[in-house]
Amino acid sequence: MKAVFRENLGEALVGLAVVLLAGFFIVFAWRATGGAHGGGIKVTALFPNASGVNVGTDVRVAGLKVGQVTQQTLDPQSYQVAVTLALDPSVRLPADSSAAITSEGLLGSTFIALSPGGAEQPLKNGDTISDTQGAMDLMALIGQFINKPSAAPPSADQATGAGTTP
């Protein structure tokens, strides 16, 4: 029995190393994707337009990830998007904080940026953030710029200076 164990010791150690490495990777991936924030403080933000926001989208304060989007529903009374955010409980944001949907750049990913307010009371489970700014529709902005009527060309009299008195 000891001879069999000695023969397979190398294989057993390599197998153990693979299992430990896989466990480390799972924990790392869980934290990197925000799985640790799933049980945080749940607040709702009402946005007029939530384009580009999906379940799992980052929630950031000053560029630092503090949570993620866990749910999206349409509010039947206001026809706004009710976005549920799971925030890290160690980040105590004021109750009058605001939220805006923004992106990391022209082609970057979309995220929700929270701006802390000045209230003394922190956000707590079930609160609603009503001071929000929805997503900007980049294609509509470009379309407005392209379709903008140009200024009328100067008439022949204005171009030559004819008809003007000094």
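1. Helices (H or I, at least four residues) and strands (E, at least two) are DSSP runs, numbered from the N terminus. In this predicted model, the chain has four helices and eight strands, and their order along the sequence reads α-α-β-β-β-β-β-β-β-β-α-α.

2. Residues are numbered from 1 along each chain as its sequence is written, and side-chain values use heavy atoms, with hydrogens and water left out. Local features need pLDDT of at least 70 and side-chain atom pairs count only at pLDDT 80 or more, whereas totals for chains, interfaces and linings use all residues.

3. Of the 166 residues in the chain, 25% are buried, meaning under 20% relative accessible area with a 1.4 Å probe and protein chains only. The accessible surface of the chain (Shrake-Rupley method, 1.4 Å probe) comes to about 11600 Å², and carbon and sulfur atoms hold 62% of that surface.

4. Among contacts (heavy atoms within 4.5 Å) with a separation of 6 or more, 62% join residues 24 or more positions apart.

5. Phe28 lies in helix α2 (residues 9-32) and is exposed at 52% relative accessible area, the cut-off being over 50%.

6. The charged end of Arg60 sits over the ring of Phe111, 4.3 Å from its centre, where the criterion for Arg is CZ within 6 Å of the ring centre and within 35 degrees of the ring normal.
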